[in-house]
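Hi everyone, thanks for making the time. Let me put the chain up on the screen, and then we'll walk through a few parts of it together.

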Amino acid sequence: MATPRTPQVSSRKAPKQARSNALVAAVLDAAVQVLTSEGAGRFTMARVAERAGVSVGSLYQYFPNKASILFRLQSDEWHRTADLLRSILEDGASPPTARLRTLVHAFIRSECEEAPVRLALADAAPLYRDAPEALSARSESASIFRSFIDEALPGTTEGLRRQAGDLIKMTLSRVGSSFSELPRTDPEIDDFASALADMLCAYVERLAAP
């Protein structure tokens, strides 16, 4: 039985001129609009080109297929998450639990603000989730978080640190996704994030205690 082919998700070429950068930016903005209004099932290169006001041929200069556009949207989100993690968790001026609390608030707010695109991308994930580029992009955030857990729990075993890291990441991801499925007010977001941060920080403090 033949092994299913993984679709190409890398862009054909990187834009180098201001005009090309503007075209790609317009395409990605249009892709977000099509994805959130039509859903992953009706997401096509033709619809993106029409919404962006460019020819389908221009689109194919930079993206070989719709999976590559969706992956670009997803990888941009992954890189934003990695930048968020890095800016907060690598701030050695604050104790680990203070950084974790800041991260919880920032993450939950981000989940609520980006919920429409994130939910639509989740439906499109089968198109690119097993591609090597996807595995590489996800590993960046995992490495940052792993280093933070090692710093926060220096006196514990590797197995315990791995378990703690997995539990915190899973809780943030699953709870944040569930909470953001409905529209939320700023006070609701702050109250929820504070409660979640209290839980996770108490867990880390208990593990770190002698």
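Okay, let's start with burial: 37% of the 210 residues in the chain are buried. By buried I mean under 20% relative accessible area, with exposed being over 50% and partly exposed in between, using a 1.4 Å probe and protein chains only.

Before going on, a word on where this comes from. This is a predicted model, where local features need pLDDT of at least 70, side-chain atom pairs count only at pLDDT 80 or more, and totals for chains, interfaces and linings use all residues. Residues are numbered from 1 along each chain as its sequence is written, and side-chain values use heavy atoms, with hydrogens and water left out.

Now the overall picture. How many helices and strands does the chain have? There are nine helices and zero strands, where helices (H or I, at least four residues) and strands (E, at least two) are DSSP runs numbered from the N terminus. The C-alpha atoms fill a box of roughly 65 × 45 × 40 Å, taken along the principal axes. Contact here means heavy atoms within 4.5 Å. Of the contacts between residues at least 6 apart in sequence, 72% join residues at least 24 apart.

Let's zoom in on helix H4, residues 66-89. H4 has 24 residues and reaches 34 Å from its first C-alpha to its last, close to the 34 Å expected at 1.5 Å a residue. That expected span is 1.5 Å times one less than the number of residues.

From Phe 71 to Ser 55 is 16 residues in sequence and 21 Å in space, C-alpha to C-alpha. Then there's Gln 74, also in H4. Is Gln 74 buried or exposed? Buried, with a relative accessible area of 11%. Setting aside neighbours within four places in sequence, Gln 74 is in contact with Leu 121 and Tyr 128.

Moving along, Ala 93 sits in the loop between H4 and H5. Ala 93 is exposed, with a relative accessible area of 72%.

Next, helix pairs. Two packed helices are described by the angle between their axes and the distance between the axes. The axes are lines fitted to C-alpha atoms, for helices over the stretch in contact, and angles run from 0 to 180 degrees between N-to-C directions.

Take H5 (residues 96-113) and H6 (residues 115-124): their axes come within 5 Å and cross at roughly 75°. So H5 and H6 are roughly perpendicular to each other. For the wording, angles under 35 degrees are roughly parallel, over 145 roughly antiparallel, 65 to 115 roughly perpendicular, and the rest oblique. On the H5 side we have Glu 111, Cys 112 and Glu 113, meeting Ala 115, Pro 116 and Arg 118 of H6.

Last pair: the axes of H8 (residues 158-179) and H9 (residues 186-208) come within 12 Å and cross at roughly 170°. H8 and H9 are therefore roughly antiparallel. Residues making that contact include Leu 160, Leu 167 and Phe 179 of H8, and Phe 192, Leu 196 and Tyr 203 of H9.
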